[in-house]
Amino acid sequence: MQGVISLNKQIDNYSTVYGQLVQQLGSSEMQNHFAKSLFAIVIGSNDIINYFKSGSDLPKQYTPKQFTDLMVATLKDQFKRIYNLGARKFVVIGAGAIGCSPAQRYQNNTGGCYEETNYWSLQYNEGVKSILQGMKSELTINYAFLDSYSLLLDFIQKPANYGFKEVKSACCGLGNLNARVPCLPVAKYCPNRDDHIFWDFYHPTEAAARIFGDTIFDGSQQYMFPINVRQLVAI
């Protein structure tokens, strides 16, 4: 994707900074500092979106399983690179129920969730959790994983519990479900963004994002596995 810095490149950049800090402050002090630091990893959703969006060439190269397995295997190597650069505490955000986003519903003739996309989001999340569990056992890391898939699905299935009314349409856009044209200057804007789950094709509104944030910090094991971020910081 144009203009996007890959995770590998981000790790390269971090490696450069890590080396500079070690030279300035010493290896022991920096290891102690990084061991207390939180390393947030939010990745995977866009890859799955790009595979399943209309007109994608990726299905010509990989089956959904091959693609998801490749994502997980690549992420495992990237986690280990970060670990070797001092990371001991990881905050990882799983892929959401992407198939229920306005853009995916728009591709579905019924307007319902695109279940194949959701299925492979779940498979990716299971792979990521397996990596983290393995690393905790082998390398003595600690982590907090947000099951954003289940939380987003709960928004959709029980909207009143969270103060939402509109679960399908984007707040900002044009066309059916406001998902034909993205949130551009020509787009329509919903009168109350706080009662929508989705702001645009894929992204949550501020109201939904606030709940995600609160859950990450203080959520129970229903959505945060095995601990939340506040507990992770205290370790």
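Start by selecting strand β2: Lys-89, Val-91 and Ile-93 lie on one side, Phe-90 and Val-92 on the other, and all are buried, so both faces are covered (buried means under 20% relative accessible area with a 1.4 Å probe, protein chains only). Before moving on, note that this is a predicted model, where local features need pLDDT of at least 70, side-chain atom pairs count only at pLDDT 80 or more, and totals for chains, interfaces and linings use all residues. Residues are numbered from 1 along each chain as its sequence is written, and side-chain values use heavy atoms, leaving out hydrogens and water.

Strand β2 covers residues 89-93, and because 5 of the 5 are buried, it is largely enclosed by the rest of the structure. Strands here are DSSP runs of E with at least two residues, and helices are runs of H or I with at least four, numbered from the N terminus.

Find Val-42, whose bridge partner in β2 is Ile-93.

Now show strand β3 (residues 142-146), which also pairs with β2 in the parallel sense over 5 bridges. Here, Phe-90 has Tyr-143 in β3 as its bridge partner.

Finally, go to Arg-105 in helix α6 (residues 102-107). Which backbone oxygen does the side chain of Arg-105 reach? That of Cys-100, at 3.0 Å. Beyond its neighbours within four places in sequence, Arg-105 is in contact (heavy atoms within 4.5 Å) with residues including Ile-156, Val-167 and Leu-177.

Conventions
Polar contact = N/O pair within 3.5 Å; in protein donor to acceptor, adjacent residues only side chain to side chain. Buried < 20%, exposed > 50% of the residue type's maximum accessible area, 1.4 Å probe, protein only. Pairing = 2+ DSSP bridges.
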